[in-house]
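Good morning, colleagues. Please turn to the structure on the screen; I shall describe a sheet and then a pair of helices.

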Amino acid sequence: MDSQLAEARALEAEITLRRACVEPLAPGEDTSRVQKSFQAIYQADSEGWELSKDLRSHLGHLESELQFLSTLTGISIRHYSKKTEDLMSTEMTEKSIKKVLQRHRLSGNCHMITFQLEFQLLEIQNKESLSSVITDLSIIMEPTEYSELSEFVSRAEERRDLFMFFRSLHFFVEWCEYRKCTFKRFKEKYPEAVHLSEGALSSCMGIRSPSRPGFELVIVWRIQIDEEGKVLPKLDLLNKVPLQALELDKNGVIETAPLSFRTLLGVLGIEATLESLIKSLHTETSN
């Protein structure tokens, strides 16, 4: 029975983490709601479960919900463990204050990105209230080609914001997948015009015109994570143009192309803008 109780609580903890990725916070709400949910898992009345005949059914329900959330968020937890330490003193006992330090360790992956986490949760309980705070957070990421994640991980550790890490990682990976699929589709549709210098996971897409040697448009698609953990795409247009062409461009079309590109993104969206650029060079080639 003890092993089933442990399994139930581990599953509930994992579900709480994954829900944090897909349940938006209300305006002005911080992550304390999720921390309280996480903390409540270990305050459940164990006696009640031991007497209940529905524990096996509850485990089955948790496993089904976990599988659904895995599909929804892309986050898979491979290992999870917890250790608890009572931080009591004579003075605290006399004042009916209870301090408990929980040390959590987990490892897993979000699609192609793997991670290991260690964090400490300090609970302080007195006669009137119960509070909890994450006192330490350490995140280890497997070597990855996504340089944008390094600064974000350091910021999450500094703020000890566990749930910002999971939520932002989830949306970051979603944008990476969208970028990869978009570039791949255009490469398959226009194999002669589109070039991916870094392969399938490239963050840049080159558009070349066979009729104009040396002329190339380069789309640089970065995925940024701001100070608050919000994930945003940032696309820029770079020109690779022969010097002679620049000298002949009396109207400054080439010089203003990056600004026009950003304006077009706001009107048409990402995919329609990229297709319009490819078609413009492809049409010129055909003519």
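What is the order of the four strands in the open sheet? The order is β5-β6-β7-β8, and the pairing is antiparallel. Strands here are DSSP runs of E with at least two residues, helices are runs of H or I with at least four, and both are numbered from the N terminus; two strands pair if DSSP finds at least two bridges between them.

This is a predicted model, in which local features need pLDDT of at least 70, side-chain atom pairs count only at pLDDT 80 or more, and totals for chains, interfaces and linings use all residues. Residues are numbered from 1 along each chain as its sequence is written, and side-chain values use heavy atoms, leaving out hydrogens and water.

The edge strands, β5 (194–195) and β8, each pair on one side only. Strand β6 (residues 204–208) is joined to β7 by five bridges, with Cys-204 partnered by Val-220 of β7. Ten bridges link β7 (residues 216–225) to β8 (residues 231–240), where Val-218 stands opposite Leu-238. Five residues lie between the strands of this hairpin, and Gly-229 takes a positive phi near 90°.

I turn to the helices. The axes of α6 (residues 148–159) and α7 (residues 162–189) come within 10 Å and cross at roughly 165°. Axes are lines fitted to C-alpha atoms, for helices over the stretch in contact, and angles run from 0 to 180 degrees between N-to-C directions. The two helices are therefore roughly antiparallel, a term for angles over 145 degrees.

Conventions
Parallel < 35°, antiparallel > 145°, perpendicular 65-115°, else oblique.
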